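Hi everyone, thanks for coming.

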Amino acid sequence: MAKKQFKAESKQLLDLMINSIYTHREIFLREIISNASDAIDKLHYKSITESDVPVAREDFRITVSVDPEERTVIVTDNGIGMTKEDMDANLGVIAHSGSLDFKKTMEDNPDVDIIGQFGVGFYSSFLVSDKVTVISKAYGQDQAWKWQSEGADGYTIKECEKASHGTEVIMHIKPSDDNEDYDDFLESRTLEDLVKKYSDYVRWPIHMMLEKGAMEETGEVDEEGNPKREWVTHLEDAVVNSMVPIWQRSKDDVSNEDCIKFYREKFRDYEDPVSVIRVNAEGAVSYKAMLFVPKNAPYNFYSRDFEPGLQLYSSGVMIMDKCKDLLPECFRFVRGVVDSPDLSLNISREMLQHDRQLTTIRNNLEKKIKNDLLRLLEEDREKYEEFHKSFGLQLKYGIVEDYGMKADLLKDLLLFHSADQDKLVTLKEYIEAMPEGQEKIYYASAESVARAKQLPQTEQLKAKGYDMLCFIDDVDEFMVRTIRNYDEKEFVDIAGGDLGLETEEEKQELDAKEEESKDILEFIKESLGDKVSSVKVSRKLKTHAVCLSTEGDVSLEMEKYFASIPGAPEGPKAQRVLEINAMHPAFESLKATYEVDRDKAADLARIMYAQAVLIAGMPVDDMLDYSELVFKLF
Ligand code: ADP
C-alpha cells in the first residue's frame, strides 16, 4: 500500500521540529498523555450527556508502559478513540490552525525553546521515536485502525484488531548515538519522573507497572532458628499522578499549613513563605492561582540570572514552568501556579494570540498581590518587615522602572528608617506623625542610618522637632524623584538647598550676617576655585562649623552612585555648596586671619572645605596636600 503524504505544511514543520536544537524532548510524554486525557474527557462528557453510553467514570484510565526489548514506550487510554477518518484528519496535519504561526516563530527564533513551552501535540512523539504506531477504536465502532509513520515521509492506515474502544500510542524509541542518549526514555523510573513533573495533575489516573521492593521471609531459618529474610522486588500496578492539584481544592479543604508544605516542596525553599495568596477567578478569564511571597530573596534575585515567572497549568497539564507574562515585573519575587482551563484548547495553537488573556490574569494578580502585602503590613508588622528586608529594594526598583508607571501601586508598601522614632515607618505613618506646621517630607541620604543621623544638616530639623527619613539605598533618591510627592507633600533633601525653616527674626539676622561677610565669602570661593559652585552663610547649622550641600538636580549621593558603577563613563557631578556657620568660632578666626594674612586664610578656607567633604562621607581630593595644610598649623 502506498504511503500517504503529510499535508505540505505539516511535512515542513515536522522536519523543522525534529531537526531543531532544543533540550525539551521529554515533553513528548506530556503531549501524548494530554491527548489521552482529552480523549477520556470526551467520552466521559458523552456518557453524562447521552443516555445510551454505559461507561463508568471509575474505569477510565491511562497507562504508560515500556518494553525495553522492543525499545517501545506505550501510552494507552480508554477514551473516545478514533475512526479511520479521524486519524486521517487529525494525525495527518500538524497543529492545524496554529501551524503557520508556530512555524514562523520557530524560524525567527531558532534558539527559543518553543516546543518545550507550548508543545505541538502528537508530533512531539517524533522527538524521541523513529516510528510511531497508533492503534485506535472509536467508541461505538466495530473496526479498529492502525496508523503508522516513520516521520516526515508519510504514514499508512490499515485495519486491525483491538478489543475495546480507546487508543494505544506505541513509540519506537530512536537508537542512542554519540550525541544523544535516548535509552533513558526506556527506563520506568525516567517515565515515572516525567509523569510526575508534567502530568501530575491530569485528572484521570495514570497507571504504571513499577518495581517495588520489600524485605520478605524466604521460608528458611538461620542457625539460631530465626526466619531468613531477603530483599525481593516485584512489579506493582501504581497510580503515578496525584490527580487533584492543591490549588483546585476548595479553600475549606486545604489549610494554610498544607499550602505552605506544598510551597516548600515544590519551590524548594527551606523557609515558610510570609504569605499565601489564593485566587479563584471567574469572568472574562477563569483561573485559579496559588501564589506565595517568599521570606528570603534567592541568592541571585538581584542579578540577571534570576528567572521570574509563575508556573502555568491548563486543566492539570503543566504548560510553562516560568511564565513571565503572568507576573507583574515589580512583584517578580512572587512564586506560584496559575491554572486556567480557558487557555487549554488553544495554547498549543494560537499561542501567539494569548497575550490578552494572560494580560487580564496578570493585572488581576497585580491587585491581589498588592492587597495581600497591605494586609500583611497591617496584620503582621514583624513578618512584613522581614519581607521588606528581602524585597523592599525590588519595590523601589519597581517604582523607578517604566517612568514611574507603578509608583502609585507601590508607594504604600515602602518602609524607611525614621530618624526620630528609630524604627521603620511607611510614608503614611511619617505624615501622620508630623507636628503642626510641618509641610514637607525630609530625608537624608547616607550609607547608613547612623551616618544620616550625624549629618550636620540635620541640626535645623532637630531644633524644629521634625523627623526625617534615612535613605540608605542607592535607589532611594531616584525613587523620590519618580514619585515626587506623597499625599501632596513634597520630598526635601536636607543636603539640598535651604530648607526655609528659620523664623523671621533668624532670617533677618542671617541675612545681615551674609551681607557683612560678603568679602570673606567671596575670598573663600576664590581660594577653592571650581571645587564649589558657591560659598554661603548656612541657615541649617547650629553647632557644626561647616557642611556640604548641593544646588541643582544631582545630589552628592547620586554623584557617588554614578561614580561607583564600574566601567561606566564619568557620571554627572553635583554642584557643591560650602555652607559655613557664621556663628561658629572657626569662622571668626578665619575672618581675623583674613585681615592679617591672606595666604594663611586661604589655607584655612581649604581646610574648612576638606572638613565638609569628610563629614559628608567622601574622601578629600588630594590627601597629601590636605595633610600638609593641617601640619602647617603646628
Ligand atoms: P491537539 O491535541 O492539540 O489537538 P494533537 O496533534 O496532539 O493536537 O492531536 C491532534 C488530534 O488527534 C487531537 O485533537 C485528537 O482529535 C486526535 N487524537 C490524538 N490523540 C488521541 C487519542 N489518544 N485519542 C483520541 N484522539 C486523539
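**The cavity and the sheet**

So, the largest cavity here has a volume of about 170 Å³. Keep in mind that this is a predicted model. How do we find holes like that? Rolling a probe the size of a water molecule over the atoms shows where empty space is left. Counting cavities of 30 Å³ or more, we get two.

Let's stay with the largest one. Its lining takes in 18 residues, and the ones nearest its centre are Ser 445, Leu 455, Ala 495, Leu 556 and Glu 557. What kinds of residues make up that lining? Ten are nonpolar, four are polar and four are charged. Strand S16 (441-445), strand S21 (546-551), helix H17 (556-564) and helix H19 (598-615) each put in at least two residues. And where does the cavity lie? Domain 3 (415-493) and domain 4 (504-631) both give residues to its lining, so it lies between them.

Okay, on to the sheet. We have an open sheet of eight strands with mixed pairing, and the order goes S5-S4-S3-S6-S2-S1-S7-S8. Strand S5 (155-160) and strand S8 (227-239) are the edges, each pairing on one side only. From one strand to the next, the twist averages 25 degrees.

If you zoom in on S1 (62-67) and S7 (206-221), they run parallel and are joined by two bridges. Ile 62 stands opposite Ile 206 in S7.

Finally, the helices. Helix H3 (84-91) packs on the sheet and touches S3, S4 and S5, with its direction at about 25 degrees to that of S4. Helix H6 (188-199) lies across S1, S2 and S7, running at about 135 degrees to S7.

Methods
Residues are numbered from 1 along each chain as its sequence is written. This is a predicted model: local features need pLDDT of at least 70, side-chain atom pairs count only at pLDDT 80 or more; totals for chains, interfaces and linings use all residues. Side-chain values use heavy atoms; hydrogens and water are left out. On a 1 Å grid over the protein atoms alone, a cavity is a set of points where a 1.4 Å probe fits but cannot get out, and a pocket is an open set with protein on both sides within 12 Å along at least five of seven lines; lining residues have an atom within 4 Å of a point. Grid points are joined across faces, edges and corners, and a volume is the space filled by probe spheres set on the points. Helices (H or I, at least four residues) and strands (E, at least two) are DSSP runs, numbered from the N terminus. Ala, Val, Leu, Ile, Met, Phe, Trp, Tyr, Cys and Pro count as nonpolar, Asp, Glu, Lys and Arg as charged, and the others, Gly among them, as polar. Domain bounds come from an automatic or database domain assignment. Two strands pair if DSSP finds at least two bridges between them. Axes are lines fitted to C-alpha atoms, for helices over the stretch in contact, and angles run from 0 to 180 degrees between N-to-C directions. Contact means heavy atoms within 4.5 Å.
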